[in-house]
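Hello,

Here is the structure I said I would pass on. My notes follow below it.

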Amino acid sequence: MSIVPDTVNERLSTTTGDSQLATHGALWLIISVLILPIALAAVYSTQTTNAVYQITNVFPGSALVENYTTVLFEYNFGQYMWNSFVMATVVIVGKLVFSLLAATALVYYDFRFQSLIFYAILFTLLMPLPVRIVPLYQLMADIGWLNSFAGLTSPFIASATAVFLFRQQFRSIPASVVETAKLDGIGPIQFLANVLIPMSKGMIAGVTAIMFISTWNAYLWPLVAIIDRTNQVAQVGLRYIQGTGAEGFVQWNLVMAAGILVLIPPLIVLLVARRYLLSTLGGGE
């Protein structure tokens, strides 16, 4: 027999229900606020230029196919997106290779100034791209890599964040696994390929998703380093389209169409790696 009166249970149940209702209401409100700009951009991408300037017109238009076709082919946005995709792929592969090797060395090998080197790597996090863009530009100019794919990708190849995350992941692997690998005579590259990488798949996928979105959204360095428009990336191409309006009118319908297109690849990556990304941000496998 319960010692708690039924009236108390009813009040607690009512309070819990009200609390959940308020929480769900707040969450839906936040989600609606976040989605609203994207929804409006999707609607405007279907309208004509004149219709976009009618502020009260928030209904889908009839120019969907025309707008997206114009953006992709007339304004060469498909080429910009392809350039961004190739750039992101090369950068991610480079970051994973260098970061995995660096983290392996920092965790499983003893060498002089090991801690100092690790802290020096972390120190680079305090120097974002706008701070080092002038010496970086001078370096690329000196070695003749400006306006080239090598100059576009090489500054992003290394990642202190990825080294830190992989180092923490490797440190969490049981010592018994390492000892067993040593007893079996596994070499360093085999140990990395056959033990560390399979045990860190979640972390690798999460880091890949984060780095892809970061590289895909790169704007400042491509704007500075690339002169030839055909070699530009999607974010800069979006700016080009914004500047193509006539008589002071920006063709916002085309800008919104390009904006929707540029959202698609990161969205696909997020959906594919969602579980791994949440695991990475949560600090576990």
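At what angle do the axes of α13 and α14 cross, and within what distance do they come? This is a predicted model, in which local features need pLDDT of at least 70, side-chain atom pairs count only at pLDDT 80 or more, and totals for chains, interfaces and linings use all residues. Residues are numbered from 1 along each chain as its sequence is written, and side-chain values use heavy atoms, with hydrogens and water left out.

The axes of α13 and α14 cross at roughly 170 degrees and come within 9 Å (axes are lines fitted to C-alpha atoms, for helices over the stretch in contact, with angles from 0 to 180 degrees between N-to-C directions; helices are DSSP runs of H or I, at least four residues, numbered from the N terminus). That makes the two helices roughly antiparallel (angles over 145 degrees). Contact, meaning heavy atoms within 4.5 Å, involves residues including Leu238 and Ile241 of α13 and Trp252 and Val255 of α14.

The aromatic pairs number 10 (ring centres of Phe, Tyr or Trp, the last by its six-membered ring, within 6.5 Å). Tyrosine 53 and phenylalanine 249 are edge-to-face (planes over 60 degrees apart), because their planes stand at 85 degrees, with the centres 5.2 Å apart. Tyrosine 53 lies in the loop between α2 (49–52) and α3 (64–74) and phenylalanine 249 in the loop between α13 (234–242) and α14 (252–272), so the pair ties together parts 196 residues apart in sequence.

Tyr108, Phe166, Phe170 and Phe191 form one aromatic cluster.

Regards

Note on methods: Phe/Tyr/Trp six-rings, centres within 6.5 Å; stacked < 30°, edge-to-face > 60°. Parallel < 35°, antiparallel > 145°, perpendicular 65-115°, else oblique.
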